[in-house]
Amino acid sequence: MARDPKYDILFEPMRIGPVTAKNRFYQVPHCNGGGYRDPSAAAEHRRVKAQGGWGTIFTEQVEMHHTSEITPFIELRLWDDRDIPMLAKMAKGIKEYDALAGIELTYSGINGPNLYTKEVPLAPSAGPILTYTSDPVSARAMDKDDIKDLLRWYRNAARRSKEAGFDIICLYGAHGFGIIQHFLSRVTNHRTDEYGGSLENRSRLLKELVETIKDEVGDTMAVTVRLSLTELVGGEHGFSNAELRDTIEMHSELPDLWDLAHGTWEDCSGPSRFKEEAAQQELVTGIKALTPKPIVGVGRFTSPDVMVKQIKSGTLDLIGAARPSIADPFIPNKIDEGRIEDIRECIGCNICITGDMTMSISRCTQNPSFMEEWRKGWHPENYRRKGDTEAVLIVGAGPAGLEATRALGERGYQVALAEASTSLGGRVSKERLLPGLSAWGRVADYREGQIQTMTNVDVYLDSELTADQVLEFGFEQVGIATGSSWRRDGVARFHQHPFELDPSLPLFTPDDIMNGQTPSGHVVLFDDDHYYMGGVMAELLIQKGCSVTLVTPANLVSEWANNTLEQGYIQKKLIEMDVQIKVAKALSSVQADHVMLECTYSGREEKVETDAVVMVTSRLGNDQLWQDLKARKQEWGDAGVKSIRCFGDAESPAPIAWATYAGRRFAEDMDSEDIGDALPFRREIAELAID
Ligand code: ADP
Ligand code: SF4
């Protein structure tokens, strides 16, 4: 199919200083949890995006000097010439498909604790290091010699970036993570010399840095600056949107492009639960008029129509995207080929960010091949052709079963998908109706849309299968993806064994509530799950007229949501909704008309009267069908069944991203070579130094 002409504007080239982007799709820098530990995985992810049509593709943040690093978080490094090859690999991959390769040079300043290098951190003004981990470390104030050193370090990093083959250098000064912002902002710059005070002074370092780098790389590379639209911290001292506009006006022709991020990372990568697409619109509008240079901005853009509007309205020149490019690395090609319905839209869950926050390796709920392109050879769009097996039965159409069905269908297998209920989506079909989670429905919608077009996939709704039926049907391969259920007995982390529950007090699980049963009056919600469900349930119960006391053994509400950058939003919302919050408390017993709480530190008890209890504790796999089939393994052969596997939440409950990954893995493993005890993915191992 041909491209709809209304999207032509997205494919117009754009000059960025001495280089030209082939289109308006601009992948802004983003982390991936791999960084210097997994450079080939990070590089291959970028190469695949270039193949998918992105015109400009950036690295994640690259620590450009050893005096500033953000251990324990894992990003890329350019500390000396020995780091050039791993960056060159990424640049080469990006350029294989004519995209521009960008590198984001970062000096973390007040944000870098230097836990690994043990160097003393440097910042515009002295102060404690401002990281997520509140490390008890301070930066010392830079003197003029330090500033000269910094300029030289940037010059060296620019030379190395050029040698590595990059086309664009981005100077990071956004999200509170880069020293340019620390100089620009009166929150972190208390200097009284020519680098502090007036905006002209505070932007002096920015000016000198761009000039130094331009001097080093000449007309061979573009130099861009990434700033936050507003700082959103520090109250009246914060770097405001008005000051940003003044900075751009003052230095309008300094960089080759202005890259506009927003606030802290939490603000910029706002989850869909709290932020709409194009949420920064108001803060960006009008900036383009202040500079002759192009501007790029982000806003979780997944809709081509919204992208076109951004450009036609004169708001942005280039469409910046991190998460949408992760969820679907082929968005540009799909728009170009008139395949809008094939776009796999980001759901804004921020699971991708957890890879960085937990220093593991990133996952994406929508795109299970994210960071597995090199490790496992998975591709977001291309699949190995089928092997010897002809027909596969998948039981359960939740995220795991749907993804397995879709990927097996892509591989060319004959697939039957049996689902007990009358709709596809499993947990997602219910959770999408909860407050703030409607965008999560895209997990089911995308897969349902894809499966509908496959002639080799048959879907059977209202078909709750038993072991007898599965054996009777006799499919060669069977996948059991029957999901999970929330426990009623309160067992999770605090209580690892059932505890005293008086059955006369009404008790609900999230499943009960999602199935339409609602408590009334005052409800005690016990959250020992620590991710989104506790907070979402509290919100829903308030909406339904209950008063809610949320009890959690953690020190924060929805503590794990720190990893998705949502925790602050969740706690704020619950406080504003008048949810009574009791942290560091656990339910010690449930009586007929009250519960007893226990302080997790002191063990002190507290009585709370209540009309009902909601247990958001943990889930158990619905694996009865799997257990029944396993018990009858000797019958499989006669039934024509070669293998049966259980996967997804039924095997081990986890967030939705784990289920789509499990589904993809089931499909990828089909008819694959038996590798025995070998590691099922590639990895890189640090080379031993020759002593
Ligand atoms: P996952 O996240 O692992 O995909 P879900 O709980 O979202 O798990 O989905 C599991 C799906 O399996 C649900 O839609 C459920 O109705 C369905 N299911 C459970 N048991 C059976 C069964 N015996 N036969 C068919 N479908 C089943
Ligand atoms: Fe989007 Fe979630 Fe994927 Fe991140 S993990 S790219 S937020 S769908």
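Predicted model: local features only at pLDDT ≥ 70, side-chain atom pairs only at ≥ 80, totals over all residues.
Residues are numbered from 1 along each chain as its sequence is written, chains are lettered from A and ligands numbered from 1 in the order in which they are written, and side-chain values use heavy atoms, with hydrogens and water left out.

**Exercise 1. The ligand site**

Work out how many residues surround ligand 1, and which are the closest.

Step 1. Start with the shell: a residue is near a molecule if one of its heavy atoms lies within 4 Å of it. For ligand 1 that gives 22 residues, and the closest are Ala400, Glu419, Ala420, Arg427 and Asp649.

Step 2. Sort the shell by type. Ala, Val, Leu, Ile, Met, Phe, Trp, Tyr, Cys and Pro count as nonpolar, Asp, Glu, Lys and Arg as charged, and the others, Gly among them, as polar. The shell then splits into 10 nonpolar, 8 polar and 4 charged residues.

Step 3. Now look for polar contacts, meaning pairs of N or O atoms within 3.5 Å; within protein, one must be able to donate a hydrogen and the other to accept it, and residues adjacent in sequence count only if both atoms are side-chain atoms. The side chain of Glu419 puts an N or O atom 2.6 Å from a ligand 1 oxygen. Ala400 uses a backbone N or O atom, 2.8 Å from an oxygen atom of ligand 1. Ala420 also brings a backbone N or O atom, this time 3.0 Å from a nitrogen atom of ligand 1.

Step 4. Finish with the cover: on its own, ligand 1 has 580 Å² of accessible area, and the protein covers 87% of that. (Accessible areas come from the Shrake-Rupley method with a 1.4 Å probe; for residues, only the protein chains shown count as cover.)

**Exercise 2. Salt bridges**

Find out which parts of the chain the Asp305 and Lys6 pair links, and whether Glu539 is buried or exposed.

Step 1. Set the rule. Side chains of opposite charge can pair when their charged atoms come close. A salt bridge here is a side-chain nitrogen of Lys or Arg within 4 Å of a carboxyl oxygen of Asp or Glu. By this rule you get 53 salt bridges.

Step 2. Asp305 sits in helix α10 (residues 304–312) and Lys6 in the segment before β1 (14–16), 299 residues apart, so the pair links distant parts of the chain. Helices (H or I, at least four residues) and strands (E, at least two) are DSSP runs, numbered from the N terminus.

Step 3. Check exposure, where buried means under 20% relative accessible area, exposed over 50%, and partly exposed in between (1.4 Å probe, protein chains only). Asp305 comes out partly exposed at 39%, and Lys6 is partly exposed at 41%.

Step 4. Now do Glu539 and Arg273, whose closest N and O atoms are 3.6 Å apart in a salt bridge. This pair also links distant parts of the chain: Glu539 is in helix α19 (residues 532–543), Arg273 in the loop between α8 (265–268) and α9 (281–284), 266 residues apart. Glu539 counts as buried at 4% relative accessibility, and Arg273 counts as buried at 9%.

Step 5. Lys334 and Asp328 form a salt bridge at 2.8 Å, N to O, and both are buried. Asp81, Arg159, Arg160 and Glu163 join up in a network of salt bridges.

**Exercise 3. A buried glutamine**

Say where Gln366 is placed and which residues it touches.

Step 1. Gln366 lies in the loop between α13 (351–357) and β15 (391–395), and is buried at 1% relative accessible area.

Step 2. Its side chain reaches the backbone oxygen of Arg442 at 3.4 Å.

Step 3. List contacts (heavy atoms within 4.5 Å). Leaving out residues up to four places away in sequence, Gln366 touches Ala327, Arg344, Glu345, Ile347, Arg442, Val443, Tyr446 and Arg447.
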